[in-house]
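Here are my notes on packing and ring pairs. Please read them with the model open.

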Amino acid sequence: MSEQVKKIGVLTSGGDASGMNATIRSIVRYAIYKKLEVIGYYEGFKGLILNNYTVLTGNSVGGIIDRGGTFLYTARSEEFKTKEGLAAAKKNLDLNKIDALVIIGGDGSFRGASDLSCLGINSVGIPATIDNDVYGTDLSLGFDTALNVIISLISKIRDTASSHERIFVIEVMGRNSGELAIRSSLASGADYVLIPEIKVDLVKISNAIKNHREGKRHTLVVVAEGAAKATDVAASIKLLVEHEVRVSVLGHIQRGGSPSAVDRILAAQFAQKAIDFLISGGRNAMVGLQNNKVKTVPFEEVFGAKKQIDRNLYDLTHILAL
Ligand code: ATP
């Protein structure tokens, strides 16, 4: 059994995701309930290096449960990946008598946490990334909110596409993962979805759109940014199809906004598990949702495999568009 945890640090790292604030609130309030002290580091690992932190109280996290972004701010720190950066972080954590860290972010942030564990600083990770690409959890915080933002935007695009009998190519986030693209396509009734995990054949897709069933007023093509550029897809379709083709790149609007109920509830569940795990002597693992149960997954396991897309959902999108 590891040493007793009395004081913890919490930080948000990597890309922001809705639900990070709700998670910080839950971490702070549940930790205080369990008689722990909590400090929050600003701007992720950068805050550890600069020793830039604030003492968190129950009151200090009031009124943030429904706010997007992260009030502790987030950053990507190249310095933290260096030996010197890591040593500076360790020195400051020792100075502040931090027994363990709660790292809210994606798998890159957990790799950083793992590096710290080699210097004796222990952590628990909470997956928060709109890409939902972290192995070991069915859901990452921010994914459900982003999905809801995207489907409400696609709904608006469908109105105009249908009115004018147009083809729309809609680019959504997902550099390495088709999760957002697949599920937003299925949920919004899109006709085609292009994802990084499956090779894109633009000629085939253009031909398919050309031969699409008669009487169709709109065609919606959803492209994950890592699969192709929406403008290239549109240009390829234009070569073969007479209808007007328009492009809509949804961009950063997908990240922001108030977290969904799913993300707020998940934030509370993940936070409770993370704190209980640290108190019980657990170290260097991520909390995750597996088959509707909150579990802990060792960092090594998280890094050891790539999360697979649900191929059935991908196929179903196309079947239902016939
Ligand atoms: P997201 O994918 O949502 O952006 P993430 O946590 O994966 O989230 P990254 O930018 O990959 O985001 O990582 C955040 C920070 O974690 C980096 O800026 C860096 O400080 C640290 N980090 C990332 N990868 C590593 C690594 N391999 N080793 C050590 N530290 C890392």
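Which residues do ring pairs link into a cluster?

1. The cluster consists of Phe110, Phe299 and Phe303, linked by ring pairs. Keep in mind that this is a predicted model.

2. Six aromatic pairs are counted. One of them joins Tyr41 and Tyr53. Their centres are 5.8 Å apart, with 55 degrees between the planes, and the pair is tilted. Tyr41 sits in strand S2 (residues 37–41) and Tyr53 in strand S3 (residues 53–56). Twelve residues separate them, and the pair links distant parts of the chain.

3. Why is the pair of Phe299 and Phe303 called stacked? The ring centres lie 6.0 Å apart and the planes meet at 15 degrees; planes under 30 degrees apart count as stacked. Both residues belong to helix H10 (residues 299–303). They are four residues apart, so about one helical turn separates them. Phe299 is buried, with a relative accessible area of 2%. Phe303 is buried too, at 18%, because the cut-off for buried is under 20%.

4. Now the cores. The largest nonpolar core holds 65 residues. Ile8, Ile27, Val102 and Ile126 touch the most other members. Domain 1 (7–142 + 259–303) and domain 2 (144–255) each supply at least three residues to this core. Another core, of 23 residues, lies apart from it and includes Val134, Val297, Phe299 and Phe303.

5. Look at Ile27 in detail. Beyond its neighbours within four places in sequence, Ile27 contacts Ile8, Val10, Val102, Ile126, Ala271, Ala274 and Ile275.

Terms used. Residues are numbered from 1 along each chain as its sequence is written. This is a predicted model: local features need pLDDT of at least 70, side-chain atom pairs count only at pLDDT 80 or more; totals for chains, interfaces and linings use all residues. Side-chain values use heavy atoms; hydrogens and water are left out. A nonpolar core is a set of buried Ala, Val, Leu, Ile, Met, Phe, Trp, Tyr and Cys residues joined through side-chain atoms within 4.5 Å. Buried means under 20% relative accessible area, exposed over 50%, partly exposed in between (1.4 Å probe, protein chains only). Domain bounds come from an automatic or database domain assignment. Contact means heavy atoms within 4.5 Å. Rings of Phe, Tyr and Trp (its six-membered ring) pair if their centres lie within 6.5 Å; planes under 30 degrees apart count as stacked, over 60 as edge-to-face and the rest as tilted. Helices (H or I, at least four residues) and strands (E, at least two) are DSSP runs, numbered from the N terminus.
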